[in-house]
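Visitor: I would like to go through this model term by term. Please give the criterion each time.

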Amino acid sequence: MLPLDKSALQTRYQQALAHQKAGRLAEAVRGYAALLKLAPNVAEAHYQLGRIALARGDARTALGPLAAARRLKPDQPEVLEALARALEAAAPAAEAEATW
């Protein structure tokens, strides 16, 4: 299989994002997961998976993708904010504060 170029990756990301915006979260998750199989360093896909998990009330599931997004793009405030929200929701507040 030939490697995907940046344009093809962007198209896959935009398709998953369109599903997410339309409320088709299962399709969005499948799209982001497929994208990450091809290109595991796409921080935006990790971030969106984390956001979907948070929206579903599953903070523990959100932690992995959000931590991955933070590793890939450590200076993105929206990633840090989402990760902090997930930590607060997944653990007692004192534990979340100790992590930071």
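Guide: Start with helix α5, residues 77–90: 14 residues, reaching 20 Å from the first C-alpha to the last, close to the 20 Å expected at 1.5 Å a residue. The expected span is 1.5 Å times one less than the number of residues. Helices here are DSSP runs of H or I with at least four residues, strands are runs of E with at least two, and numbering starts at the N terminus.

Visitor: Which residues of α5 are buried?

Guide: V79, A82, L83, A86, L87 and A90. They cover an arc of only 140° around the axis, so they sit on the same side of α5. That arc is taken over the directions from the helix axis to the C-beta atoms. On the other side of α5, P77, E88 and A89 are exposed. Buried means under 20% relative accessible area, exposed means over 50%, and partly exposed lies in between (1.4 Å probe, protein chains only).

Visitor: What kind of model is this, and how are residues numbered?

Guide: It is a predicted model, in which local features need pLDDT of at least 70 and side-chain atom pairs count only at pLDDT 80 or more, while totals for chains, interfaces and linings use all residues. Residues are numbered from 1 along each chain as its sequence is written, and side-chain values use heavy atoms, with hydrogens and water left out.

Visitor: How many helices and strands does the chain have?

Guide: There are 6 helices and 0 strands. Of the 100 residues in the chain, 34% are buried.

Visitor: What makes H46 buried?

Guide: Its relative accessible area is 13%, so H46 falls under the cut-off and counts as buried. H46 lies in helix α3, residues 43–55. Leaving out residues up to four places away in sequence, H46 touches L36, P40, P65, L66, A68, A69 and L72. Contact here means heavy atoms within 4.5 Å.

Visitor: Why is α3 described as largely enclosed?

Guide: Because 10 of its 13 residues are buried, the rest of the structure largely encloses α3. Among them are A43, Y47, I52 and L54. The cover over the buried residues of α3 includes α1, α2 (25–38), α4 and α5.

Visitor: How do you know that the span of helix α4 agrees with expectation?

Guide: Helix α4, residues 59–72, has 14 residues, which should span 20 Å at 1.5 Å a residue; its end C-alpha atoms are 20 Å apart, so the values agree. The buried residues of α4 are A59, A62, P65, L66, A68 and A69. What covers them includes α3 and α5.

Visitor: Which residues line the largest pocket?

Guide: K6, L9, Q10, Y13, L35, N41, V42 and E44. On a 1 Å grid over the protein atoms alone, a pocket is an open set of points with protein on both sides within 12 Å along at least five of seven lines, and lining residues have an atom within 4 Å of a point. The largest share of the lining, 4 residues, comes from helix α1 (residues 6–21).

Terms used: 1 Å grid on protein atoms, 1.4 Å probe; cavity = no way out; pocket = protein on both sides within 12 Å on 5 of 7 lines; lining within 4 Å.
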